[in-house]
Amino acid sequence: MKKIRIGIIGAGRIGKIHADNLLRLPGAEVAAISDLFAGEELEAWAAQRGIGQVTKDSGAILSRADIDAVFICSSTDTHVGLIIEAARAGKHIFCEKPVSMDLSATEAAIEAVQAAGVKLQVGFNRRFDHNFRRVREHVLQGTVGEPHIVRITSRDPNPPHPDYIAKSGGLFMDMMIHDFDMARFLSGSEVVEVYAQGGVLVDPVFAEHGDVDTAIVTLRFASGALGVIDNSRQAVYGYDQRVEVFGSRGSAAVSNDHPNTAEVSTAEGLLRDKPLHFFLERYNEAYMDETRQFVEALLHDRPLPVDGIDALQAERIAHAAKLSWQQGRPVKLSEIGTAGAGAGVQVQSEVV
């Protein structure tokens, strides 16, 4: 059986998760892993998994003729440069989100990918969640009719470390960008207008970095449908992930995943376990499935389920939301650059 030989760039938490998932796939082989801080610990970890090369130099991976694809799991500020280098080296690419925090840089990365004729998948893993995917299927099948309202709730169990906040890009780019992609995915329509309100209700440290920890964003889609997204950096009861698409013929909704479905009823009330507490628990299988679909797209030359254009559109919505919050007004997506303008980027006309 043919195997896709893969190099991992960035050996932090997410890089190791992708490596372990790839090792479960018969059609993939993890040939190398790089990290700026690679040392004995990473070498031991890689040896246990049969990964042959450990290096501090990503170029050592990109220069290998026997490597077909790379997973870019390094810090966001390195993504664009690595995508361009990988594309020029003829490697297919999986890159964690966001591609960048600068639209022109993201467009340059997409242009390089298109010019090289390689594939680029971006890590919007929530599209691969079994629950969310089923809602999307009901929308496609017409079960709920024409979508009228898309509601998305995404709340973290704990706020990130202050050091992370300073470089995260802010709630709209770092956290809600997943929900912007999910809004496009579930509705099947592009966002044309955004209105955001936000506040600092969890920890004053967010204000010190010009950020918010609580936000509500309303969306208007090209189809005429409306969307509502709410985010919080702290939900004391666990990782809160819910969606609903309400339409002309009905509604499809997803509640939280729990460790079990047991519910205890007593004279004092009803009791059940809190939702799964962390994103790695909640989206464990989604991470596996996005990896599987990337490898299968390479093996069988299939279209990717989520690509650079999806990343660009989500980034545009995030920029619009931040501008809306800053200026206290609705912002049309047409104000936030023109996807592909001057960069030769081919943009799809509708969400598929």
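This is a predicted model: local features need pLDDT of at least 70, side-chain atom pairs count only at pLDDT 80 or more; totals for chains, interfaces and linings use all residues.
# Strands, cysteines and charge pairs

Visitor: In which sense do strand β5 and β6 pair, and over how many bridges?
Guide: Strand β5 (residues 92-95) runs parallel with β6, and three bridges join the two. Strands here are DSSP E runs of at least two residues, helices are H or I runs of at least four, and both are numbered from the N terminus. Strands count as paired if DSSP finds at least two bridges between them.

Visitor: Okay, what's the strand order in the open sheet?
Guide: It has six strands, β3-β2-β1-β4-β5-β6, with parallel pairing. β3 (53-55) and β6 (120-122) stand at the edges with a single partner strand each, so one side of each has no neighbour in the sheet.

Visitor: Which residue in β6 is the bridge partner of Cys95?
Guide: That's Val122. Cys95 counts as buried because its relative accessibility is 0%; buried means under 20% relative accessible area, exposed over 50%, and partly exposed in between (1.4 Å probe, protein chains only).

Visitor: Switching to charges: how many salt bridges?
Guide: The structure holds 22, each a side-chain nitrogen of Lys or Arg within 4 Å of a carboxyl oxygen of Asp or Glu. One of them joins Lys97 and Asp174 at 3.9 Å, N to O. Lys97 is in the loop between β5 and α5 (103-116), and Asp174 is in helix α8 (residues 171-174), 77 residues apart.

Visitor: Are those two buried or exposed?
Guide: Both Lys97 and Asp174 are buried.

Visitor: What about Asp230 and Arg155?
Guide: Their side chains form a salt bridge at 2.9 Å, N to O. Asp230 sits in strand β10 (residues 226-232) and Arg155 in strand β7 (residues 147-155), 75 residues apart. Asp230 is buried at 14%, whereas Arg155 is partly exposed at 22% relative accessible area.

Visitor: And which residues are linked in a network of salt bridges?
Guide: Arg127, Asp181, Arg184, Glu190 and Asp310.

Notes:
Residues are numbered from 1 along each chain as its sequence is written. Side-chain values use heavy atoms; hydrogens and water are left out.
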